[in-house]
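I opened a new notebook page for this chain. My plan is to look things up one at a time and write down what I find.

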Amino acid sequence: MAFTSQSLIFRAPSSLPSGRLAAPSAGRVALRGRGAAFPSVAAASTPMANSDGDEKEMKLWGGRFEEGVTDAVERFTESISYDWQLYKYDIMGSKAHATMLASQGLITAGDRDIILEGLNQIETLIQEGKFEWRKDREDVHMNIEAALIERVGEPAKKLHTARSRNDQIVTDLRLWCRDAIDKILIRIKQFQVSLVTLASKYVDLIVPGYTHLQRAQPVLLPHLLLSYVEQLERDAGRLANCRERVNFCPLGACALAGTGLPIDRFQTAKDLKFTAPMKNSIDAVSDRDFVLEFLAANSIAAVHLSRIGEEWVLWASEEFGFLTPSDKVSTGSSIMPQKKNPDPMELVRGKSARVVGDLMTVLILCKGLPQAYNRDLQEDKEPLFDSVKAILGMLEVCTEFAQNISFNSKRIQRSLPAGYLDATTLADYLVKKGVPFRTSHEIVGRSVQLCVTKNCQLAELQLDDLKAVHPAFETDVYEYLGVENAVNKFISYGSTGSNQVKKQLEDWRIQLGISS
């Protein structure tokens, strides 16, 4: 089973939208593209004077205001420069809302059809890059609604019935998170597949295992690679669990208290493929723990990826020399012509910092906020978008790196004698001879000290040398010494023993759908 980097398409968040980002005009919705099915109508709102005497388009919420906001306030409060990315979900939610309003008799079927057709046209313009986003319209909701009013007239003014931007934005965000989680889960599986495939190429290769970055015990390379696969599986599990809690519908909660109009929140939840509507309208608009949980899951995954990055960067160094990345996943130096750097994995290690930082940003953002909605929550989107963009990129490049590296078997094998990797297996040998483990530990420690004195390995000690340390040693001790013998003695479930690792590999091939 093979995945390529082209198998998943994701539009990376950007500070610039796909269409044009326009300066405020004198009062008309700026739409570019093919002629609309509906006649062109006057601007959505009448002009309003600001303090300088200039005319600006009245905000859709501007009925009680006599003056428009200053340019500085407009620049400071706009979010369209980044929340335009939610347009697909905003339109999706509006379609479901309009359909429900018609079903409940709050708008006519004719108005519903006009609204749906107008939304379809706007979505096409956005996808073709022909929609002009306007900063004076603040956000994705107001841009689309104002454009819809411009496009179809009076029916569009009914769309915001029993809806607030408070429930609208959190609906958009939950829909966006749901899709983003699905994309990340695909990338996680791709990386897992590449790791299992890589492990299958080196079934019998023994490498030093480390604790405290000091040599500890011999392990099979596939065992080490599968440890990453296990971590990624837990990352996927956290994201899948998060998705379950994301998948509840806040639409219809309105500003915070719900509505006195006879809406059907269960219908909109069903149409948008949510599990159910959220039970408490105040909670629905003020909750961002689903964002925090998503960012936390991303952060844990990023930390896992950074650890893989660190290990592979070390192993690619001349000091280790265990791993060689191909030219496809390496970069050079602008001044040192000999350099071949594993930069992708260094950046994986580095980008984990921003993913964790995104979590910290939203945690602090939410700290101390009173119920229900507060404008502070506008600031949750950029960290969320950034986290998802980073984790998708990290997973993609880790997958490609794993597909383009080789392990230097001869170099690794030459390195194995150092570090007395078979010492713990020797202690197990003594336990089998009836020696208490603490006593065995002390005996092997003295045996290692003898090796240091003689400048040799444990397997090179004569039987008389070992018996001088403790009489329990017999000729069968040499079946436990040396890294190959040591690895073969591991039998516990999940251990690095050959049979255990082969079983783990086979289990993962089945689980991931990889053909043998």
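The entries below go from the whole chain to single residues.

**Entry 1: the whole chain**

I note at the start that this is a predicted model. I counted secondary structure and found 18 helices and ten strands. The chain has 516 residues, and buried ones make up 50% of them. I then looked at contacts between residues at least 6 apart in sequence. Of these, 75% join residues at least 24 apart.

**Entry 2: the cores**

Which residues have the most contacts inside the largest nonpolar core? I found Trp-176, Phe-294, Leu-305, Trp-312 and Phe-407. This core has 107 residues. Its largest share comes from helix H6, residues 165-200, with 16 residues. There is also a second, separate core of 22 residues. Cys-456, Phe-473, Tyr-480 and Leu-481 are included in that second core.

**Entry 3: the largest pocket**

I looked up the largest pocket next. About 500 Å³ of space lies in it. It is lined by 20 residues. The closest to its centre are Tyr-210, Leu-224, Tyr-228, Arg-307 and Glu-311. Which element gives the largest share of the lining? Helix H10 does, with seven residues. H10 covers residues 289-315. Strand E5 (206-211), H7 and H10 each supply at least two lining residues.

Leu-224 belongs to helix H7. Neighbours within four places in sequence aside, Leu-224 is in contact with Glu-311 and Trp-315. I also checked Leu-224 against Thr-496. They are 272 residues apart in sequence, but 8.6 Å apart in space, C-alpha to C-alpha.

Gln-231 lies in H7, which runs over residues 221-246. Is Gln-231 buried or exposed? It counts as buried because its relative accessibility is 16%, and the cut-off for buried is under 20%.

Arg-349 is found in helix H11. With 31% relative accessibility, Arg-349 counts as partly exposed. Not counting residues up to four places away in sequence, Arg-349 touches Ser-306, Glu-310 and Val-313. I also looked at Arg-349 and Glu-311. They are 38 residues apart in sequence and 10.0 Å apart in space, C-alpha to C-alpha.

**Entry 4: helix H18**

H18 spans residues 498-512, so I read it as the 15-residue helix listed there. From its first C-alpha to its last it reaches 21 Å, close to the 21 Å expected at 1.5 Å a residue. Which residues of H18 are buried? They are Ser-498, Val-501, Gln-504, Leu-505, Trp-508, Arg-509 and Leu-512. They sit on the same side of H18, because they cover an arc of only 135 degrees around the axis. On the other side of H18, Asn-499 and Ile-510 are exposed.

What covers the buried residues of H18? The cover includes H6, strand E6 (214-220), H7 and helix H17 (483-488). Gly-513 follows H18, and its phi is positive, near 75 degrees.

A general rule first: most residues other than glycine have a negative phi, and most peptide bonds are trans. I looked for exceptions.

The peptide bond from Gln-371 to Ala-372 is cis, with omega near 10 degrees. Ala-372 is in the loop between helix H11 (343-366) and helix H12 (381-402).

Leu-213 is not a glycine, yet its phi is positive, about 60 degrees. I found Leu-213 in the loop between E5 and E6. At 56% relative accessibility, Leu-213 counts as exposed.

Asn-455 also has a positive phi, near 55 degrees, and it is a residue other than glycine. Its place is the loop between helix H15 (437-454) and helix H16 (463-469). Asn-455 counts as exposed, with 71% relative accessibility.

Note on methods. Residues numbered from 1 in each chain as written. Predicted model: local features only at pLDDT ≥ 70, side-chain atom pairs only at ≥ 80, totals over all residues. Heavy atoms only, no water. Core = buried A, V, L, I, M, F, W, Y, C linked by side-chain atoms within 4.5 Å. Buried < 20%, exposed > 50% of the residue type's maximum accessible area, 1.4 Å probe, protein only. Helix = DSSP H or I, 4+ residues; strand = E, 2+ residues; numbered from the N terminus. Expected span 1.5 Å × (residues − 1). Arc of directions from axis to C-beta. Contact = heavy atoms within 4.5 Å. 1 Å grid on protein atoms, 1.4 Å probe; cavity = no way out; pocket = protein on both sides within 12 Å on 5 of 7 lines; lining within 4 Å. Points joined across faces, edges and corners; volume = space filled by probe spheres on them.
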